[in-house]
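Please look through the sequence and the model below before reading on; the paragraphs that follow take up aromatic rings and then helix packing.

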Amino acid sequence: MTSLAADRSLVAIVERYSAFGAHLTGSAADVATTAWLTDLFVDIGADTTRLPYRFDRFDVESTLMVDGVTVPSLPLYYSAVGEFGDVRVDVVRAPFATCGHARGLESMLAGRSRPVAVAVDGPDELVVQCNRVPTELSGAPGVIVAGNWAERLDGALLNFRAELVSGRSENLIAELGPAHASPVTITTPLTAWTPAAGERGTGLAVAIAMALDLARDHRVTFVACTGHELDHSGLRHYLSTGGLAHGRVIHLGASVAAVERSPDGVAELGAQRMALADAHHPALGALRERVESAKWTLLTPEAWPGEGGTWREAGADVLSFVGIFSLFHTAADVPSRSEDAHLTEVAASTAIDAARLFLS
């Protein structure tokens, strides 16, 4: 694996990314993250382009109270616009796995006119934010609470104010490697609800290391898209403007090197991690053997999760790495809890070897 300078080590990239705070699309953290990553690629010697796009940003404030106690909650984005004061809520339970799917809550919210508190079962009584579609308001104001609050919300009152405003974000494109070498796109999302050290930061670090390694003998197009938590809106904009110039794409998605820690602090790579490839790929057997060494399970499904699936729908030949772990979509996803320097190196080396098998 190509070595990174000390200030660009894998762990330094994860820590720097996480330090910007919650990476909501169009936020100050989003702007600062893109500027920092642009400077990093300029220092590497890459040619960089930033592609802006506009979207409807959901500006929201919400408070949920019961019996005079403020309930830990997060606003349900793209639920309703307007002002709602002291309105009672219905409680809906949602499984943890729905939080990563932009339409994961739609069946539970369809047809509801009353305000809602969505109770998502997460770890350590943490509130788990859910991805949303920015063009489809559900129609009733809502918040998300930790699952352990579901039985304690009788009589709870919601104060909620939200509006749609014009938002702006940028995708970053960096080109590096020999100009006439075999091309490959390496892509990773940039935005998230939280500091996202394990969810996004580890994937970004591995993607940068992979770009430097493959650029020795490939023309690498590095594509970092925003809008991930909003139905992949940045990637959809990039693809709509002709962004897929060639067919081979390696996608570093969620939880690439996120870890779970035992009570005594020992870190292990999360078990719910997948690598995805098409069943007809000639290197499938070698890919399976290689990725298993970093606890990825190689799958060949018809429908793919994450942005790897969106690239594939656009016609690309994709190798995708995705996953979920216990601190996914929570404010506790910070480096000290969800990242381990050695295991990030293990994941990076494995993913780079797999990328070379995929491209061979």
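Is phenylalanine 160 buried or exposed? With a relative accessible area of 3%, phenylalanine 160 is buried, where buried means under 20% relative accessible area, exposed over 50% and partly exposed in between, for a 1.4 Å probe and protein chains only. This is a predicted model, in which local features need pLDDT of at least 70 and side-chain atom pairs count only at pLDDT 80 or more, while totals for chains, interfaces and linings use all residues. Residues are numbered from 1 along each chain as its sequence is written, and side-chain values use heavy atoms, with hydrogens and water left out.

The whole structure holds 9 aromatic pairs, a pair being rings of Phe, Tyr or Trp (its six-membered ring) with centres within 6.5 Å, called stacked if the planes are under 30 degrees apart, edge-to-face if over 60 and tilted for the rest. The ring centres of phenylalanine 58 and tyrosine 78 are 5.1 Å apart and their planes lie at 35 degrees, so this pair is tilted. Phenylalanine 58 is buried at 4% relative accessibility, and tyrosine 78 is buried at 1%. Phenylalanine 84 and phenylalanine 160 form an edge-to-face pair, 6.2 Å centre to centre with 65 degrees between the planes.

Helix packing comes next. Helix H2 (residues 28–44) packs with helix H4 (residues 197–214) at about 20 degrees, their axes 12 Å apart, which makes H2 roughly parallel to H4 (angles under 35 degrees count as roughly parallel, over 145 as roughly antiparallel, 65 to 115 as roughly perpendicular and the rest as oblique).

Key:
Axes are lines fitted to C-alpha atoms, for helices over the stretch in contact, and angles run from 0 to 180 degrees between N-to-C directions. Helices (H or I, at least four residues) and strands (E, at least two) are DSSP runs, numbered from the N terminus.
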